[in-house]
Amino acid sequence: MTGPATANDREQIFREGFESYRRYVNPLVPLRAQLLGEPVQVTAVVDGQLLEERGLYEDFHGTQTFGHRHPAVTAALQAFLASDAPNWFPSRVSPYAGSLARRLCERANRSNEGPRPAYSNVFFANSGSGGVEAAIKLARAATGRPRILALDGAYHGTTMGSLALMKPGMFKDPFAPHLPGAESLPLNDVDALARAFAAGGVGAVVLEPIQLEGGVRTVSSAYIEALCALTEQHGALLVADEIQTGLGRTGRFLASECWPRRPDVVVLGKHLGGGLLPISAMMTSEALFERAYGQHYASAEAHNTTFGGNALVCVAAHATLDLLTDEVIASVASRGAALRARLDKQLARHALFEDVRGAGLLIGIGLRASDHPWLSFQHFGIDSLSEQPTTGVLLCHRLYKRGFYAFACGHDWRILRVLPRFNIPDAVLDRFVTTIDEELGYLCSLV
Amino acid sequence: MAPRRLEGKRCLVTGGSRGLGRALCEAFAHHGARVAFTYSRNQHDADDARAALQAAGCEPLVFHGSVADSAHVQATVAALGSAWGGIDVLVNNAGVQQILPIALLEEADWDSVMDVNVKGTYLFSRAVLKLMIRARGGHILNIGSFASERVIEAPVHYAAAKSALRGFTEALAREVGRYRIQVNMLSPGLLDVGLAQMLPRHRIQEYLAQGSMGRLGQARELAEIAAFMVSDDNTFMTAAKIVADGGL
């Protein structure tokens, strides 16, 4: 028996690390993956795809917007590590964070329709949840009001603050009591929103422009209009959680950039670090920062994080923004529209198909639940999931066999979430359309 | 001190690089046997198993290939014939487990499980018997499963494959008994290696609740039973099926 692997002992890490994950990190995740036939033992990256013993896999999770280990992001990180620049600045006055913040603000203040200045202050955190926490605290500190409203079906993260905004269920229920003042409103119900504001004390409304885990559900234009008006009228912060929708994913730099009023706060995360490093950003205005934290020197860091915005992650984010050109974002819009139209047309013949939804390359494929008992979780011996539909999970199972990492939405297992990388070759997309058509056909043959 | 039941015996274990197969190799070596094993996938596991046997004073012969590949089987048995001059014990242990409900069980899945679990046993047994029959003696032990012995939730192709081994064991024992070759089957319950790592906790708890001994089996316990079954101490048992599942 050998001892634990050391940092660069790649051979031993791949040799024993998967089993060690099961033993020392979480036994159920590899178990679930094994039952679903999910490729686990990926050992290398080839042209942005993952190599497993069964072959190459295209990853549709969405964290790797330019493919796994994009050479430009990798090279930027290697160059930084080869330099003598500090990574962490004890004063917290980091030129890397400063320069990235400026770049993010300048880019976010430019919409597809032209300049729309709104952002002049950024807080860097290490995860999307951390960004949402920062937004909640900003709202409380800036407004002095306790109530934070969210929408039913939301997924804003799993830290205690962000979790309070989550849809009830397995992610949330075990951790009660939750943050006081956090409330959920029904999606797209303008009357309910108006009633919530009428009760007073609203510090912020936090929402995803498109709820990804909630089932790729788009917030309606009418609701957005009402939300913009009511938050402004009542002096509450409008917070757009763009962790999934931002950074070009919907064919705009920010999905919220076309709203009647720019949100007071935008949270970015996921692929901001190029898929290589964790970084999130909470963007707001200098005025709101001043209101929340500007009273004196001590309060300036009332909310902080030790490693947020360290130089290395900022370099990764800079390299990612280098790749995220206007032309790329425009291609996300056009390729996404074309892909959604193709899927809609191709899959329409299947009885288990419901719809295609989303924007840009954030795509949801709606599936109907099968009513055949032998495709139920109960038949599979998992009684605790007997109320859940299996179709999305089964389609994932089939796609794993064919070289695609796809996932069902966390809150709605009827919906397959498909978030291709922005530079995915056309041939791979073609193969995906053909494959999902065949595999959905196969599932239909079982019912 | 336990008796060294297999002193000088020439033992081949298929699928011997991990799990129960590795425990069999180690137990046989402990009992004084010369050991060879095959593996199909993970060379690192094979290297680990080899190193463990070497540390125990046994220099194993290791062969890479699928038991369902007749060329690999022929080459392995030929190599052992040359190296050892014969084979006294064959344990058909190699097998694949795949948890799939019937709705999702495709023809390829069925074929794969049958190939490794059933065809592989046939191929290795047939190849080894040529030597054993000429030598007028030997033991073949087929590793079954409680999945074919008890009414439990099990993948149907896996249960069918293990059930097929039961018929194979009985018929082969009948055919080669005249040469003093004993053919038996050992069907383990849930062990601390292998399938138990693929099952959710509630399924394991169900097993523990149903079992008379209230615990999982240990691979080394099964290996000790196997060591007796393939040893000269086993003078009369053939065509037998031993179920060691903690009393389900």
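Angles under 35 degrees count as roughly parallel, those over 145 as roughly antiparallel, those from 65 to 115 as roughly perpendicular, and the rest as oblique. The model described here is predicted, so that local features need pLDDT of at least 70 and side-chain atom pairs count only at pLDDT 80 or more, whereas totals for chains, interfaces and linings use all residues. Residues are numbered from 1 along each chain as its sequence is written, and chains are lettered from A in the order in which they are written.

In chain A, helix α5 (residues 128-143) and helix α9 (residues 286-293) have axes that come within 7 Å and cross at roughly 70 degrees (axes being lines fitted to C-alpha atoms over the stretch in contact, with angles from 0 to 180 degrees between N-to-C directions; helices being DSSP runs of H or I of at least four residues, and strands runs of E of at least two). α5(A) and α9(A) are therefore roughly perpendicular to each other. A:Leu138, A:Ala141 and A:Ala142 of α5(A) meet A:Leu288, A:Arg291, A:Ala292 and A:Tyr293 of α9(A), where contact requires C-beta atoms, placed from the backbone, within 7 Å.

An open sheet in chain A has four strands in the order β1-β2-β3-β17, with mixed pairing, two strands being paired if DSSP finds at least two bridges between them. Because β1 (44-46) and β17 (404-405) of chain A stand at the edges, each with a single partner strand, one side of each is left without a neighbour in the sheet. β1(A) runs antiparallel to β2 (residues 49-52) of chain A, to which three bridges join β1(A), and A:Ala44 has A:Leu51 of β2(A) as its bridge partner.

Conventions:
Contact = placed C-beta atoms within 7 Å.
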